[in-house]
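Subject: Structure handover

Hello,

Please find the structure below, followed by notes on what was found in it.

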Amino acid sequence: MQISINNFTKTFDTTTVIDDMNLTIRDGEMLALLGPSGCGKSTTLFTISGIHRMDKGQLMFGDRDVSGLPSQKRNVGVVFQNYALYPHMNVFENIAFPLTVRKDNKADIDREVRAIAALTHISELLERRPGQLSGGQQQRVALARALVRKPDVLLLDEPLANLDAKLRLEMRSEIRRIQLETGITAVLVTHDQVEAMSMCDRIAIMKKGEIVQIDTPADMYSNPRTSFVAGFLGNPPISFLSGIAMENSFSVAPIKLRVPLGAYDGIADGTQLKLGVRPEHFGPEGDIPVEGKIAFAETQGRENLYDVALADGSVLRSIQPAGRNWALGDAVRWFIDSKSAFVFSDDGRRL
Amino acid sequence: MTRNFAAWPIILLLTVLSLPLFVMYLFLLVDTFSNTAPGSLLPNEFTLEHWRFLIDPAITGDIWKPTLTTILFAASMMIIVVSVSATAGYALSRLALPFRRFVLSGIMVMHAFPSVTLIIGVFLVLQFAGLYNSLIGVILVKASLMLPFGIWIMKGFYDAVPWEIEMAGVQDGASRFTVWRRIILPQVKPGLLSLALFAFIDGWSEYMLPRILAPSSDFEVLSMYLNTVSDPNSSTYNFNIFKSVGLFYTLPVLALFVLFQNRLMNIFGGGTKG
């Protein structure tokens, strides 16, 4: 079901957390709300669920205006960060709870619970208590409970934050699989760009209560609209150089660096600019030479990470396949791939 | 566990300190089953005659009626305290009440307030309501005096229940009341149980309120009964019978404590076990 949020404003006491936000989640898509803590992504999620009320604006589930409805009448499934399973009920009772509240008959409940347990691979755990389950299993139970009454939308609040690294990988693909199999519209709140990029159809990046950019993961990575978006996506993160515009080039005078701006002409000379270079676009191959020293080297097995300190003190990050290794302190003359670099104005807008 | 100090000095100290108490309790027990010759320290014969009050009302008056009255008194008070605390504690912990802070600090003040100082006001209220000299009146007063404690304790237990569990319940389509009854209440069950025990024991041992607020009524609780038995001016005064009645009066409390001491300790720990 398509979810749309129109002109949504939310204030807590006197602080406006979200100001006039518009967002549409397409039917059957999985959308990530991505942003640093305090950006309003959880507020948005809990507003969709009905836990928070909108101060201004409209929330539509399909053609139905649910802005004024309490949580109970919204048919929304939520998976909380700590799963919020009911500790005194076993797994079956946990999953069945939404149905028993609705007073479905016993046979139906039994069938539904077993079907959803099969989908989430927890059929053999139905008699256990939440306390006897591992984190990943609890996560599956929480998912099953959220999905059992076929909600219009599934909301996931940092679902992987409490899992260890290996389980996180497993559950990442599991959640995506279950979402695709049920075809449910889903919203995922996360501060982890890897989660957002790997699980979702589209990402909405939020900052200070505003959606900065909403795009598919690939488009957002290759075409960030602001330096904030560019800095948020990608691991290791992008590095920025400060400079000025000079004769249609991005120029850092002290190190005699010049990157032609090509399509960006028409910028007045002397304008403060920022150049964003992703680690994979800086290395032994490219077109704009830069000299520096290896200031930091980290082996990751398949590839190595390097920080290269330039003469003026700024740092460029680089990621290189393992094999040819540089050591700390080595002087290098590497190249920036100018076609893949992003130029931002001083206030962060992409030019 | 490794010890970083020797245990025996502490045990010795505790033994010396508690020895007088222990000896007193021992003699309380021994004296109820024996007779001691005048001037002697140790008993010289075993007897059950001091326990005859259980079957022979002629000795100290019927004991079973006051016992039943006390059970009724303590149980009704317990029910009132538990049910009001369970709901009020939830409201104070979770609902956006007007004057919440004021009510909370009020409860704290009430909790710290010595109840004896209220007795004149309480007397006037009971007199006005026509409940003076009645069991119901005493139950109500005793229960309300215990409520600040109960509400405060229950609020602490509710506070420890994760917020998300409640929201999950609401999200699953349950009303706030259903959520409270089916999800939250089971989480605070340890608190309810220990509060119930505390209330019962408190009611069981209450002496002052029935004495003051129902002095001439036809019901009698065990503490008042014990008082009449101990009256030194009465011609039937018998120290050993007094001890037996006293022991009889203490036994249920001891039994409850032994049975439920883990749960009672719970009240000071608070919190849920996930």
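In this predicted model, helices α2 (residues 91-101) and α3 (residues 106-119) of chain A pack with their axes 10 Å apart, at an angle of about 125°. The crossing of α2(A) past α3(A) is right-handed. On the α2(A) side the contact is made by A:F92, A:I95, A:A96, A:L99 and A:T100; α3(A) contributes A:I109, A:E112, A:V113, A:I116 and A:A117. Sorted by class, this contact has eight nonpolar residues, one polar and one charged.

Next, the contact between the chains. It involves 16 residues of chain B and 17 residues of chain A. On the chain B side, α7 (163-171) and α8 (176-187) each supply at least two residues. The side of chain B that touches chain A has eight nonpolar, six polar and two charged residues.

Chain A also has an open sheet of five strands, paired antiparallel in the order β13-β12-β11-β14-β20. Which strands form the edges? They are β13 (257-260) and β20 (342-345) of chain A, each pairing on one side only. From one strand to the next, the twist averages 40°. Four bridges join β12 (residues 249-252) of chain A to β13(A) in the antiparallel sense. A:V252 has A:L257 in β13(A) as its bridge partner.

Regards

Notes:
Residues numbered from 1 in each chain as written. Chains lettered and ligands numbered in written order. Predicted model: local features only at pLDDT ≥ 70, side-chain atom pairs only at ≥ 80, totals over all residues. Axes fitted to C-alpha atoms, helices over the stretch in contact; angles between N-to-C directions. Left-handed = near helix turned anticlockwise from the far one by under 90°. Contact = placed C-beta atoms within 7 Å. Nonpolar A, V, L, I, M, F, W, Y, C, P; charged D, E, K, R; others polar. Pairing = 2+ DSSP bridges.
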